[in-house]
Every structure is written in structure tokens, then in C-alpha cells.
Amino acid sequence: MLRTVNRVLTALVGLVLLALGLAVLFAGLDLPRRWNVAMPSGWPWTRPRDVVLSDADRTRWTDEGWWWPVALTVLAVLFLLCVWWLLAQLRRQRLDEVLIDSRDGEGATLRARAMENVIAAEAESQPGVDRARVALTGRRRQPRARIGLVLTAHAEPGPAVHRLRRAAIGHAVTSAGLESLPAEVRMRAARHRAERVS
């Protein structure tokens, strides 16, 4: 639901900005006069030398001491919000649910968080794994897993990955009725305190 709302809002903002840009370009190229197009009454600009804001509008508060700090602060906040929003759009989103083929033509949904927790718990139960974190991304019908493993000091990465693929990922694929579950596994060693030797 959130993804749909996000896409609709993005499309609306894009259409408004595109329409505004085309209107400015339309007036800037003097197309209303060349094509004999009558613009609506009250339209702010129709000729290349027209401006969006008049001198009176632009300089209304510039003599006030608070104007420039407030204007710059608002612009800086808007810029940071836009950058944050853009980065949020580019980041891979976690799934809310996984669509399961229940073989009855209807289908069923499984909460992605529940599946993540089960995979993580089974991965942590394996020897050599201290902690595990799992995030499901991709599509509801074709999920992908991002798995972070924290290995104990003497664990071997190769066998740990093979056990993860055979046990935790294999059981998740079987129980959810998925064709496959591609996984990206990142490993690091657990930090431990230096031991005192006396």
C-alpha cells in the first residue's frame, strides 16, 4: 500500500513540475504570440520578457532582518528533505509480505517479517554462527534474501554458508512453496575482548 501511494505521489509531483516547466518554456519561446493562442486571464507570464514574480513580490520582505535567515533555512531544509526522499527511493525496499502458491488458485500471503525471523533463528542455531540478520527484498512472488552472519572466532565461512543454504534457506523455500530464494550473504567475525593472561 505504501509503495503504491509513494508511486502515485511521485507521479503527481513529476506531472506538476513537467507542466510548470512546459508553461515557462511555452512563454519563454513566445509561442502564445506565434501560434495565436489566447492564455487564460490572470496568467502570470505570456511573453519572453515577463517574469514569474514582479519586483514588488520579490522585494516585499527583503528589508526585514528576519527574511534572509528564514528564507535560507527553509530552502536548506527543503533541499535536505528532497535528498533524503530521493535516497529513500533508490534504496532497496524490504518486503511486507510474500505471496505463496497454495495450489488452490487463490494463493496466500506470508508476513515477510515472520519468514525473516525464522530464517535468522535457524541460521543462529547452526554451529559457528553467533548472530544472523535477514531482510527480504524483491517482489512478492520472487523474494530475495539479504543475510548478515556474525561468525564466532573459530568458525569456517565455507561450511557455514553451505549449512545456511541447505538448512535455513532450503527449509524456507520448502515451507513457503517457493521455486527458489536467491540470497546474498555477508559475513563478519564476532568481536571479542582481549583476554588477560597472568
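# A guided tour of the predicted chain

Start by selecting Asp30: at 10% relative accessibility, Asp30 counts as buried, where buried means under 20% relative accessible area, exposed over 50% and partly exposed in between, with a 1.4 Å probe and protein chains only. This is a predicted model, in which local features need pLDDT of at least 70 and side-chain atom pairs count only at pLDDT 80 or more, while totals for chains, interfaces and linings use all residues. Residues are numbered from 1 along each chain as its sequence is written, and side-chain values use heavy atoms, with hydrogens and water left out.

**Stop 1: two loops**

Keep Asp30 selected and look at the backbone. Asp30 sits in the loop between helix 1 (2-28) and helix 2 (31-34). Helices here are DSSP runs of H or I with at least four residues, strands are runs of E with at least two, and both are numbered from the N terminus. Asp30 is not a glycine, yet has a positive phi of about 60°.

Next select Asn36, in the loop between helix 2 and helix 3 (55-58). Asn36 also is not a glycine, and its phi is positive, at about 55°. Is Asn36 buried or exposed? Asn36 is exposed, with a relative accessible area of 70%.

**Stop 2: the whole chain**

Zoom out and colour by secondary structure. The protein chain has six helices and five strands. Read from the N terminus, the order is α-α-α-α-β-β-α-β-β-α-β.

Now turn the model to see its extent. Along the principal axes, the C-alpha atoms fill a box of roughly 80 × 65 × 25 Å. The radius of gyration of the protein chain is 29 Å, whereas a compact globule of 198 residues would have one near 16 Å. That radius is taken over C-alpha atoms, and the globule rule is 2.2 Å times the number of residues to the power 0.38.

The protein chain exposes about 15,500 Å², of which carbon and sulfur atoms supply 59%; the areas come from the Shrake-Rupley method with a 1.4 Å probe, and for residues only the protein chains shown count as cover. Of the 198 residues, 22% are buried.

Colour by charge next. There are 29 positive and 19 negative side chains, and the centres of the two sets lie 4 Å apart. Lys and Arg count as positive and Asp and Glu as negative, with His and the chain ends not counted. Each charge is placed at NZ of Lys, CZ of Arg, CG of Asp or CD of Glu.

**Stop 3: the tryptophans**

Select Trp61, Trp66, Trp67 and Trp68, which ring pairs link into a cluster. Rings of Phe, Tyr and Trp (its six-membered ring) pair if their centres lie within 6.5 Å; planes under 30 degrees apart count as stacked, over 60 as edge-to-face and the rest as tilted. The count comes to five aromatic pairs by this rule. In Trp61 and Trp66 the ring centres are 6.4 Å apart and the planes stand at 45°, so this pair is tilted. The Trp66 and Trp67 rings have centres 6.1 Å apart and planes at 80°, so their pair is edge-to-face.

Trp61 is partly exposed, at 39% relative accessible area. Trp66 is partly exposed at 44%, and Trp67 is partly exposed at 22%.

**Stop 4: helix 4**

Follow the chain to Leu75, which lies in helix 4 (residues 67-90). Leu75 is exposed, with a relative accessible area of 54%. Draw a distance from Leu75 to Asn6: the two are 69 residues apart along the chain, and their C-alpha atoms are separated by 23 Å.

**Stop 5: two strands**

Select Ala108 in strand 2 (residues 108-111). Ala108 is partly exposed, at 33% relative accessibility. Which residues does Ala108 contact, leaving aside its neighbours within four places in sequence? They are Val98, Leu99, Ile100 and Ser102, where contact means heavy atoms within 4.5 Å. Val98 is ten residues from Ala108 in sequence and 8.4 Å away, C-alpha to C-alpha.

Finish at Thr137 in strand 3 (residues 129-138). Thr137 is buried, with a relative accessible area of 4%. Neighbours within four places in sequence aside, Thr137 is in contact with Gln93, Arg94, Leu95, Gln142, Pro143, Arg144 and Arg146. Across the protein chain, among contacts between residues at least 6 apart in sequence, 47% join residues at least 24 apart.
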